[in-house]
Amino acid sequence: MSTLAIAPIADAASARTAEENTIKTQAAKEPFDRDDADLVVRSSDNVDFLVHRLILSMASSMFSSMLSLPQPPGTDSEKPRVDVLEDSTILDVFFRVLYPIPDPEMSSLSSIHQVLAAGMKYDAPAVVASMRRALSQPRIMEDNPLRVFAIACYYGMEEETRAAAEKAVINNRVVGRICAELNDIPAGPYYRLLKLNATRKTNKSKSSGLNRVTVDFTDIGPFCEPTKGVSAPGARRPVVSIEAPFDSSDADVILRSCDSVDFRVHRPIISLASPIMLQKALNTTNETDPASGAQIPVHIMDEDSVVVDALLRMCYPVAHPQLTDLELLLDVLSASRKYELKKAEEIVRAFWPTIVASDPLRLYLAAARHGWAAEAQLCADELLRKHNIPAITALYHPDMERTSNRWYRHLLFYLDELSKAATGARTAHFLSIRSTDDGMPCSIHDKTNECASRYPASVITVMPPSWLVPHFAKISAALKEKPHGSVLGTNSAVAKAFLTAVVADIPPCHYQKQGPPLAGKALTSAWSTPSGGKCTASDTMSWACTLLQKYAEKVDEAVQKVPFNLPTTSTS
């Protein structure tokens, strides 16, 4: 049996050598073992499926096109063979759906995903429809709503994506949950899933008295096709007049921008800067050079004249352009990558710190896409400098629709790690406020007082003095949202509340022998006009300020130790 020569649908299924054809194979289960079959499809694990060309041609446009091509001499015209990349388990389900026999039961989400991928690859609508129904099975949806969401979203199945999103939110399976398929979708749909999760509410039913979880899709929009309502940036004004050196009469190539501006350049310089720039042009024609009257090649580019001018000035020994416009910088970066202009890319990268404050989220997405870890972290830190974490998660940019969710999830993961470091969730902060020999003033005269324990020389942030637990909880909540020592600055709201509480507290040394003042009575003169060695408001204020200062130092120290570790495309 000869191998069908057209196996472009499977890169690995090109012409086999004689040695490869000696590989042991086995026959597929019925009904794919019939003698009246006229085509053999061999799986990646060497199982031969005997199938009928008519069925495959009607069910799959890919197979139809492939089988309509003429076969080379020596091919078995009665029963040619096609080798594919899918294994026998996938093919068995694939063919059973196409044949006039009952569809197999699908209980594994992984299998559904694999067969769905095959259906999409071979353009087999019946297989795709069957797998869409399988995805929507109540048990599959209930057990794996987040995976169903990612798989359905990847293939643009809005109805299934929406249903899975609702199920994931209602079942509280979004925050803190991950799955590999989430890395395969753009950041935009995941952003909308988190936005939907923020609408989650639990209400008690008046009729049954049971809790009922609801979500609100009002401002969410479609998950899979969100760009319909996104306006593209306006076209830039073209370069009005070409300046040296791109008006040279001795140029041997013309680069024509998409807005019809001609740049006269020199092939040796362009070839040195990029070995593929001229080959990547959309179209090449020969025109009469108005300068010499001779024929000159004209390469049509799909970039506008402003971008082309900036690119070329980075290739020539002239002053480089100042890329202070964000749109231009990103377009130049995209073109630099496209044409493999290494020097231009280095120049763009050098501008990153100077422009990061203009739109740190968008610049983070761009840096992450290009694998620039240092620049991506710079953008992430700038985001945190300008916003707290809830505000960052609410930010959106249309570039999220073309950026892998891998990078967006990493940003959220990094921010979460900063929160854990700042709050001491990973390692509690030990605050050394003063020397143990340097106690509160009253302890010098009275070693039995309680002030030393009420305002201790050291504090572990997760185990503060009991009377300060509520205030430390508020500090922790503030640090969770903004993991930075500045949160504890004396001008911040949470710091002011803490200082107010400490100053309002009456040190034990003022009522240790006579008991605390009665409610509603004025404080004794011992507090307002201290005598002896008793503690004053100034003493407790000093203690509280030192505590906040030490706390802030520990927070910044812990946050700085959090690694950024931008993932590669092979890691999650």
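This is a predicted model: local features need pLDDT of at least 70, side-chain atom pairs count only at pLDDT 80 or more; totals for chains, interfaces and linings use all residues.
In what order do the four strands of the open sheet that includes β1 lie?

**View 1. The open sheet containing β1.** The strand order is β1-β3-β2-β4, and the four strands of this open sheet show mixed pairing. At its edges stand β1 (26-27) and β4 (81-83), each of which pairs on one side only.

**View 2. The pairing of β1 with β3.** Strand β3 comprises residues 47-51 and runs parallel to β1, to which two bridges join it. Within β3, D48 is the bridge partner of A27.

**View 3. Helix α3 on the sheet.** Residues 88-98 form helix α3, which lies across β2 (39-42) and β3. The helix runs at about 15° to β3.

**View 4. The open sheet containing β8.** Here four strands are arranged in the order β8-β7-β10-β9, with mixed pairing. From one strand to the next, the twist averages 30°.

**View 5. The pairing of β7 with β10.** Three bridges connect strand β7 (residues 253-256) with strand β10 (residues 295-300), and the two strands pair in the parallel sense. The bridge partner of I254 is V298, a residue of β10.

**View 6. Helix α11 on the sheet.** Helix α11, formed by residues 305-315, lies across β7 and β8. Its direction is at about 15° to β8.

Conventions. Residues are numbered from 1 along each chain as its sequence is written. Side-chain values use heavy atoms; hydrogens and water are left out. Two strands pair if DSSP finds at least two bridges between them. Axes are lines fitted to C-alpha atoms, for helices over the stretch in contact, and angles run from 0 to 180 degrees between N-to-C directions. Contact means heavy atoms within 4.5 Å.
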